[in-house]
Each structure stands twice: as structure tokens, then as C-alpha cells.
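Hi everyone, thanks for coming.

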Amino acid sequence: MTKLRPLALKDAPALIETVFPAQKISFEAQRERKAGAGQTLTSLGSYWKGRKPLILVRAVLLGTILPRGEDSKRDLEIFEKLLAFDDHSLARRALANNGIKPNDVVRRVELSNLWDYFTFSGQTSLSAEDLISSVQGSVDLAERGISVRWRRDVNEIQKLAVIEKALGTYETYESKAILCKRPEEVDEAWLYEPIWRDVNSYYSEFGVRVTSFHELVEQFGILRYGHRPRVGDAFSGGGSIPFESARLGAEVAASDLNPIACMLTWGAINVIGAQPDEYEALRQVQRDVSESIETTIQEMGVEHDSKRNRAKAYLYCLETVCPETGWLIPMSWTWVISRTWNVVARLVPDREKKRFDIEIASGVSQEEMDAADVGTVRDGTLVYEIDGKTYRTPVKTLRGDRLNAHGASENSLRRWTKSDVAPAQADIYQERLFCIQWIKHETLDGRRETFFAAPTDEDLSVEKKITSLVCERLAEWQEKGLVPDMEIEVGGPPRYQGRDLIVARGWSYWHHLFNPRQILLFAIAKEKMMEAGHPALMLGLSSGLSWSSRLCSWDSSDRGREGPKNVFTNQALNTIYNYGCRSFASLEKFLFPDYSLSSIPLRKATIEAHPASEALEFCEYWITDPPYADAVMYHEITEFFIAWLRRNSPEEFRDWTWDSRRALAIRGSGDVFRRGMVDAYRAMAEHMPDNGMQCVMFTHQDTSVWSDMVGIFWAAGLQVVAAWYIATETTSELKKGGYVQGTVILMLRKRPAGERSGFKQRILPAVRTEVKRQIESMMHLNEEVKDKVGEPVFNDSDLQMAGYAAALKVLTAYTHIGGDDVTSFALRPRQRGEETVVDEIVQQAAEAANSLLVPEGLEAETWSRLTGIQRFYFRMMDMETTGASKLDNYQNFAKAFRVADYGKVMRNMAANSAGLKRVTEFISRDLTDSTEIGPTWLGRLIIGLQQLLAEVEPPVVVSQIQEDLPDFLEVRPLLINLLSFIERKAPEQKVRDAAEILGGRLKNLRAFSQ
């Protein structure tokens, strides 16, 4: 038996350099994203939106540590088994999910005797001669009104064998996997138990003998480095990369400039990854602290009314005096409170006091609901009606917005002071409690029932009591670190975080974002948490803060889900005119979450707060998701939390600098961004062995991002060895449109030592050669796998991305280009619109790749002569015949073909149901000479086909084409080829028929006339 030999794979290429099931990973990554609160790390804090999918991190690390073998097809098989993408693993995942029902199995699988596996109610009463009892083969029993179930004596192995056969009848991986649980939702030991024999057999020559991922990572670490590998992440953010690396069995070195990111990473590894006994101990601490807070709240009597009802939420709005009438006007975008129970707030004029009483009405008509949905603030204007007359005043006028003598914006809002917790009597904006959502006292211990009511005098008295108490204790609490005393700093471009808080409200300290009731509750909670001493409680405090502040808009949506939204629904700090405030009864689940436990056997991790350029830990692998372009400004918005946590932090967090240190943050784009990134990646490269690897994930936007990112890594002494594209998610409804956010996975190694100079004229031929070699190799693997399983491994986007990688592999091997060293090249200022050598080479790579990816049915000569928009249309037309409909494919090819506006030829741009305009859907203005497609051969053919469909005589159509195309005779064979392609690929039969007729006419054409 071969023994494990340290360093035997020291210089072996990594599997991810040649094989990566990107399409399957994309599907699983999107499923993970769509799981919402079901994602493993979301319970730590949903306010951090940028976590990379865990399945993606897992795939990257496994692909990086495993070696590339001689047989790519077998490499892929083992890789997919380790990711639970293979057919048997899918069967296990489907069984765990009960995703494929017995009736579906019977309908899809031919069984010699299906009653050996299934039964149904009443079967035992049937005679042996009964037709149903003797059914064999696949059959749709549902049509006969029979619902079958598994027999109790059928064991798990038998079930899995039948389910695997049933899944084999589905055409695509996606159609199979949608029936399954995600891999991380299934018990790991049970899911992967069958694969270890195959893994050990395949890697037996290296002495590999494993029964778990921890053993796998350790043994391949020994084979490559002599010890268990360490994975570093210098931009740890929400902690997904360190967490998944630790869960697989690697040691971890995580760091981030932001202490909130460090805390989330600590929580991922030490709370989500805790052992069961540790986690139960935490849960007991949570229960104890929660009970202590509840006791204090009840003793203070601030959340109950005299009828023993318990408050769930409080609704507040601003009020302001109208300068035209002198009336005090409540401000809100809407007065709808609940769409479940049709609850609205009615504004009732009090003419004597020149103000409005607010009544709460339940069960109102839909007409009144619609009327209430139009609030008193519309498009930045205060709008209200008295005695049939409508008054309008811009909010900017109310605030007194103006430019000062220096040209800077200012207004008349009073700047709040450190001792303020509520508006002063003379302030432009006042604040008003106008509704309370109560839990009926008799339902507090069971299924809770709620109702909405206007505050009574008793309720308003409690509000005054709370405000008075908070004002009295505020300085003491701030001194103790229980309440923030930190000033708000105005942020910089592009989002100006903090500026709106000051300009729109006059707030100047972070505690101003919380009303007296919220300050009281959080001061009590933090004091109790500090006394308990468990660091994980600070995670809960942060979560609670994001669910109850003056920035929490009220969600009136139906299905009983009314309540305050999270502060960071759109990753920014937005002031609002009305908001919801949670009681402790409603906030408790956020302050003391029940985390998604996923124990990590070996938790060997360091977590530090420092800039990425100060990387201190030596790591075999660095996997990072750096900030870039328009990334979320976490260094600014997290001051919302830092203000509360920077004092009295737990021992585990005490060495971190509790400040956003925004001046040190790498952000935005341009020269400063590039310099910061070069410093960071050079530091990581210096803290990595010569045979180590780096993976960088970044959003695929355009070639300028490619140019910046590649220049950065090039200057840092790294060489690109592979690139993959993952469609990780669709954007939320807050980001309008159907844009699909794709992630580029860029794999890098240290550039070999020594100087290597080159010139563009010599590099370009080498690029084209390497692109051709890489794509042909991948296409060969595609054919092998497709012959076996019916599906290719790579789609055209993967092959295109491989073309980029091949080009960059050649380019980044050089230290000098045209006499310039790469560091100077990467860091020199860029002129707007400038095309660099990287831009040019990436584009050359795209063109080289695309020249090889000729759609089936088009001749290479035809393809080579098409313009970008034509290539785009025919390429996507071909892909649509395979069922492809994801917008990211269209986006990527539009970029590759340099299409100016691909939307002009699209009929649908939804994220998962995108599609080209059909020939019949183009209108005349789409096909004029001023459009991108109009003057092309394709544009003229579309017009011709439409004319035929409109029953114009074929000779007239042909004559028009001849007239429009001066080089008609020369290009006639190409036109015939294009029409033949449309004849085969068009989705509409009538268009295919028209293409056949027109193509036939052109074939038979002997002269310029018929």
C-alpha cells in the first residue's frame, strides 16, 4: 500500500486550472442566494449583503488543492462527486428533500414489478387478476386516480437506486437539482459516505486514504506543502471564505480593515461553527440575558397597556408646520398600515388647534385603502388638503435649503447636539407617535393575535416618561459606553454616506438615529450583555440595531408580515418620514438569534483587523473578494454599528481597532484604488510559497474592470493561470431591471523569477495560439462528457472566459511590455477612454475565442465576416435552441462582440427568461440605417423575410436586397448561408418557411433580375 509522501505534489498543476463545472456551480450558487434567511451565515447579520455563496468557495478550494490528472474526464467525475453534483449524490439529495414523488418515479421508470417498491391504499383488497395489480413498466397512475407510496419494507439503498433512475430521465442538471436539497442542507457524513472509495481509488498512487473533507484537505496539503494548508482572506467581509475553508478542514487567517467584518467572521467560525455543547451553552446565556431584559422591561411598565396587552411595534411620523397655512402637518409617503387587515391612518382636521388628529381604522374598503396609499409627502413635496383646497410646499423649502457665500449647501435645520434624543420644541421637524400594534394579552403564550390602535393619553404619558428618563440618563450611559457618543462623519463619493443624515434631519451623532424608546431598550440590552460576557452577544446586538432605528421603514405588506424593515434594505443610510419601532417582544428574535449550527471539527483561525497591505500570516492559498468599482461602502455604513460597539468590546475583539478607518479603505476606482490593490496583493504574494495559489473573485462588468484588475495582479508579481465565470445571483427588486450579477473567478500563481520582456507585436500571436489550444482542449472534453451524460461541461460563456484566461496567462508572464515595467504600467494614471495594451489583448483574446465558437450551421467564412451585432444575434439564436434564457449569457456576449446596445434586439431582458426579438417582432425604426443592425446583412434579410410574410412577391424582395447591397454578387453565398441558419434555428415555423423560400430564390438567381 502506497504511503502518503510529503511534497509529492509540490509542483503539480491544480485541477481548477483546467476543469471547473461552472454551469452547475452557477445554478447551485443561485439556489443558495435565493434561500434568503435559509443561508447558513445570514443569521449572523443580514445587513452584510456581499457574502459569496459557500458552494462557490467550496468548489474553488477543492479545485485548488486537488491535482490535475492525465484524464480530464475522470478528474471532472471525482470533482463532481466531491461537490455532490453526480447522479448518485443527486439521488441522495432528492431523497432527503422528498423532491421526486413516488407517482413521478412510477411514471418515469420502467420497473419489472413496481409493486415490489410501491403500494397504495386499498391494494390488498384487489384480486391478483386485477389490471392495476399486474401493471408493469412506467405508467401514469395519477390518471387512474391512484396515489402510490413507498412500501415500508423497501430500504434506503433500493429507494436510491430507483430515484437515481428516475432522475436520469430529466434532461438537464438544473431540472434534476431543483428537486433536491442543497448539498449543505443534507447530513454531510451520509451524503458523501459512498464517494470516498472512488476518491481513494483514484488518488491511490499518492497514498490518499480519506473518509472526510478534513482528512482530504489535510492529506493533499501534506502532498503539496508538507502540512495542512492555511487559507488567507485579507478582505474577509461577511466571513464566507474563511468559514467554508475552515469547514472543509483548512487552517484560516482572516483579516479586514473593518472591525464589524472581523466580528462577523469570528461569529461564522466560532458561533455557526461551534460544537453542539458550546452552542447550547450560548443558547443558555441568550435565554438568561433575554429573561433579564424582559424582567426589567416589565418592571418599568413601558411596553404594556392597562389591559395587559403587549406592544409589538410603534409607528412614528414627522410633523412640520406648513408656511402657507400655519397648520401642523403629519408627514408620510403612505397612510396604509396593514394590507392584511385593511388598516389605515385617517387624518382628521382639528381646525381649532390647526393640526390633524390621527385615527386608526381597520377593515376599511379597498377604495379607502387606495386613497390612504397616497401620503402627505409626494415626490419631495408636502401635499395636503383642507376644505377642498390642496396645498403644496417642497421639502427643500421647508428645510430652507440654500447655498452659502462659499457655494456650499446649507439649510435652516438645527444641528442636534450630543445631549439631544428628540426634536426641540422650535425645530422644523417634530416627531409623533401615531399608532401602536398591540398583541392581545390572552394570546401572548400561544398563537399571537395583534391589532392596531391610536395611542391613548396613557400611551403618550409613557412616551414622555421614557423621553424624560433617557434625557436624564443619557450622559451617564454614554460615559459607560452603553449608548454612542460618536459623531457622524460625512462620507465621500459616490454615496455620501452620513451626509443625508445631517442635511435631511440635522442629526450629528449616531445615537440620533434612534428614538428614546429604542435608546432605552438598547442601553438595557447592552448592559445585560456586557454583564453576561459572551462575545457572541455583540453579534445579536448588531442584528437588533439594524432592525429598530429611525431608519426602519414600515412594511405594510399583506400575509400578516407587517413590521419595521431592516435599516439596510438597500445598503445605504436613508432618512424617512415615518418609521417603525420594535418592542422587545418583537426585537428579541433579532437580539438573540437561533443560529444555523454547522460545526467545524478543527477551528484553527486567526482573525485580525488591519489593512490588506499589512498581511502578516503566511498562507498557502489566498482566496479574496476585494472591493472594486461601485462596491458597497461598508467602511462608512458600518459606523452605524461601530458607534455602539467600540466601547467595552469583549476580550476576543479588544485588539481590533474599533473605527472604520475610512482613510485606509480601498474603494472606488482609479489611480488610488489601483495603488491600494497592488500593495495588498503584493503583500499577499510575499506571504505565500512559490507553489501557492491565489483566487480573486470580482464582478464581471466590462473590459475596463478587467484591465484594472489584471494590471493590479500583474504589478503584484502574479500570473493568471485560469479564469471562470459564475452567474451568482440576480439583483433584488431594489436594483431595477433584470441585471444578472456574474462573478469572475481568476486563478493566479506567483510569476516565475527573472526578467522577461516582450512587445505587443510578438505577444499577440502567442495569445492567439494559447487561446486556440485552451478552447480546443475544452471542446474536446465537452464532446467526451456529452457523449456519456448528454450534457456538455462548458457552455460558450465558459469557453469565452477560458479565452480571456489563456491570453492573460501569456501576458502576465512578462515583466516588461514595450520597455515599460509592469508596475509602472499598472500604476500610471489613465486617460478617460484610453485603451491599454491589456484592453487590446483581452479584446484580441475574445475575438480569437469567438472565431473558434462558430454556431452550428454557419460556415467559418461567413462567421468571420459578420459584424459584432450580427455575431451576437446568431450566437444567441443558436443558444436559444438549447433552452438558454439567462440574461448573463446575453450580457457577456454583447460585451465580447462589442455591441453598443444589445437591448435593441431583445424582446425580453428578464434575468432568467431573456430572449431575442424574433424576426416578426422588429419594427421599421429598429431596422433603419441609423441603428446598429439596420444596415447589416442580417438587417436586410429581416426586412426581406418580413416582406415575404406580408405576401410581397419574392422577385420584388430579391430585387430590393440587390439594390440595398452594392456587393450583392460577392456576398450572395454568405446570405444563403445565413438564411439556411435562420431556416433551422428560427422558433417560428412561418419564419423558417420564409427563410427557405428566400434562400432558394438566392440560390437559383443567375443575374440581377429574375
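Let's begin with D379, which sits in the loop between strand 10 and strand 11; helices (H or I, at least four residues) and strands (E, at least two) are DSSP runs, numbered from the N terminus. D379 is not a glycine, yet its phi is positive, at about 50 degrees. Is D379 buried or exposed? With a relative accessible area of 81%, D379 is exposed. Throughout, buried means under 20% relative accessible area, exposed means over 50%, and partly exposed is in between, with a 1.4 Å probe and protein chains only.

A word on where this comes from. This is a predicted model, in which local features need pLDDT of at least 70 and side-chain atom pairs count only at pLDDT 80 or more, while totals for chains, interfaces and linings use all residues. Residues are numbered from 1 along each chain as its sequence is written, and side-chain values use heavy atoms, with hydrogens and water left out.

Strand 10 pairs with strand 11, residues 381-386, in the antiparallel sense over two bridges; two strands count as paired if DSSP finds at least two bridges between them. V377 has L382 of strand 11 as its bridge partner. Zooming out, three strands make an open sheet with antiparallel pairing, in the order 10-11-12. Its edge strands are strand 10 (377-378) and strand 12 (389-394), each pairing on one side only.

N98 has a positive phi too, near 50 degrees, and N98 is a residue other than glycine. Look for N98 in the loop between helix 4 (87-97) and helix 5 (102-108). N98 counts as partly exposed because its relative accessibility is 42%.

Helix 6 covers residues 156-167, 12 residues in total, and reaches 16 Å from its first C-alpha to its last, close to the 16 Å expected at 1.5 Å a residue; the expected span is 1.5 Å times one less than the number of residues. Which residues of helix 6 are buried? They are L160, V162, I163, A166 and L167. The buried residues of helix 6 pack against helix 4, helix 5, strand 2 (149-150) and helix 7 (173-177), where contact means heavy atoms within 4.5 Å. At the start of helix 6, a side-chain oxygen of N155 comes to within 3.1 Å of the backbone nitrogen of I157.

Next, charges. How many salt bridges does the structure hold? There are 55, each being a side-chain nitrogen of Lys or Arg within 4 Å of a carboxyl oxygen of Asp or Glu. One to find on your screens joins E319 and R432, with the closest N and O atoms 2.6 Å apart. E319 is in strand 5 (residues 310-321) and R432 in strand 15 (residues 430-439), so this pair links distant parts of the chain, 113 residues apart. Both E319 and R432 are buried.

Compare that with D690 and K750, whose side chains meet in a salt bridge at 3.5 Å, N to O. D690 is in the loop between helix 23 (671-686) and strand 22 (693-699), and K750 is in strand 24 (residues 740-750), so the pair ties together parts 60 residues apart in sequence. D690 counts as exposed at 65% relative accessibility, while K750 is partly exposed, with a relative accessible area of 24%. Salt bridges also form a network here, linking R58, R182, E184, E185, E188, E244 and R247.

Now the inside. In soluble globular proteins, nonpolar side chains tend to be buried together. A nonpolar core here is a set of buried Ala, Val, Leu, Ile, Met, Phe, Trp, Tyr and Cys residues joined through side-chain atoms within 4.5 Å. The largest one has 153 residues, and F20, L82 and Y681 have the most contacts inside it. Helix 26 (residues 796-811) gives the largest share of this core, 10 residues. Not counting residues up to four places away in sequence, F20 touches I25, A59, V60, F79, W724, I726 and F794. A second, separate core has 83 residues, including F243, L482, W507 and F522.

Last stop: V208, in the loop between helix 9 (196-202) and helix 10 (213-225). V208 is buried, with a relative accessible area of 2%. Leaving aside neighbours within four places in sequence, V208 is in contact with L4, N200, Y203, Q219, F220 and L223.

Methods: A polar contact is a pair of N or O atoms within 3.5 Å; within protein, one must be able to donate a hydrogen and the other to accept it, and residues adjacent in sequence count only if both atoms are side-chain atoms.
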